[in-house]
Amino acid sequence: MFGAVGNYNTVFQGPFFVSTNPDYVREDNGYQSRNKVFGATLNADLEIGEHTLTSVSSLLDYKTREIVDVDFSGISFLDGTNLQEDYRQFSQELRLASPGGEAFNYIAGAYYQHAKLDVDDQVLFNSTFLALGPPFNAIGDTRNDRVYSQKSDLISVFAQGELALSERFRITAGARFNHEKKSGSRALAIVRGPLNTFNPLVVAGTFRALNIEAHSISGKLSEDSFNPMVNVQFDATDDLMVYASFARGTKAGGFDIRSNSLPGSTTVAKPGAFQFEDESADNYEAGLKYKGRNVAFNLSLYRTTYKDLQVNIFDGTLNFNVRNAAGARTQGVEADFRAAIADGLTISGAVAYLDFKFTNFTSGQCYYLQTPGPGGFCDYTGLRNALSPKWSGNLNLDYTTPISSDMKVAFNINADFSSSYIASANLDPRTHQDGYVKLGARLALGQIDNRWEVALIGRNLTNQRILQTASSMPLATTITRNAGNAYNGIVDRPRTIAVQLTGRF
């Protein structure tokens, strides 16, 4: 935790003390997670003349059981929350491939997928709330029971072909058509425990102040999407290839699993969500790839436009709602290289420039003390997204040399760098991460044939404190009556030294 402002540290004192000292110590009371995953795939090939018919049948089943502390603090507010998910998926793909090695090569096929998801959550509001006094004591020893169920069926047909117009010039084109049907239902109930003696109407009213209400909702959707692609490649020389491409991708719409109220509700300040639309992206890219005897490098320029971008919006209390953000655009340049400087000595690296802007996003979550616009939202249009530094990259130096007839020593030094960025999804400037350079190194001794190796590894040697993601503490502004706030975040590991032993048999 970090960044306490206003009266946060004054309110959270004594038995409700919360440390906001920025360090590497987690402040919550831990969690338990048990996951079971079963997967099976059956592949079969049938030769039909010179063509190959391939069948891929897959079954996936996973079960998740978690007990988590969703208040992220050492106070027993929401400890013991149970999250359960059961998911099963069956898929079948058939594809026909041409013989290959011809001027025109192609592949075509069909895909079917059936999936079922069941989610069962119990969010516990522990008896600690009873000691807070009104109005929050009314939700002490209660829980929110949420049940969600979803079924989906997806049918896709696809085709892709590559035409060699000459030995150096190739065109690849293809498309995929998807038809998907989904049905979903969600119900939330407020359950009082034996220590809660408040009038049920008072309990319900207090939860509505937190944008939570008992409800039940269901829906169906049917979507079609068409995703074309085209790629043009030209071998300018034996070592240099240039290309240009266009591709469209879609992410299916669906239903919000864990929203805590109905969309359009008139009894909470910030209504929840249920159904959201599909997201689409058009990507344009051009670049070159060079591979010489001692040097190789790649360069690409791209531009991607998003329509109906799906985002998870925190309402400032306890709730995350999935909505469509309307529009966004990313564009930039990426380059990487590798060069052999001398015998056993190589240098490699990569650099990326990213320009990200929301082109139309008027329903963003406001950060603490930001003045909201219509509907209680803030306008992100023209702003850069969270966790999107303008510059990033890495540089590596590797040296390997034999020290005897059957042993070698290897040394690596590396640096990762990034320019500054905002770490929270609501673009709160208090979660600003400065630009940084993170250094690492590796020294190894092993056999020439790599049968064994012992290595000394150092990561983040300059001990940089790097914020990877952040958000406001749940209930912080509610309990302080909007007079204080603090933040929780996940940071990269501090300086780490390790010894690695490797054996191959």
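Here are a few questions and answers about this predicted model.

User: Is serine 388 buried or exposed?
Analyst: Serine 388 sits in the loop between strand S17 (345-360) and strand S18 (391-402); strands are DSSP runs of E, at least two residues, and helices are runs of H or I, at least four, numbered from the N terminus. Buried means under 20% relative accessible area, exposed over 50% and partly exposed in between, with a 1.4 Å probe and protein chains only. Because its relative accessibility is 5%, serine 388 counts as buried.

User: Which residues does serine 388 touch?
Analyst: Contact here means heavy atoms within 4.5 Å. Not counting residues up to four places away in sequence, serine 388 touches Leu354, Phe356 and Tyr421.

User: How does aspartate 449 count, buried or partly exposed?
Analyst: Aspartate 449 is placed in the loop between strand S22 (436-447) and strand S23 (452-459). Since its relative accessibility is 47%, aspartate 449 counts as partly exposed.

User: What separates the C-alpha atoms of aspartate 449 and arginine 323?
Analyst: Along the chain, these two residues are 126 residues apart. The separation of their C-alpha atoms is 54 Å.

Conventions
Residues numbered from 1 in each chain as written. Predicted model: local features only at pLDDT ≥ 70, side-chain atom pairs only at ≥ 80, totals over all residues. Heavy atoms only, no water.
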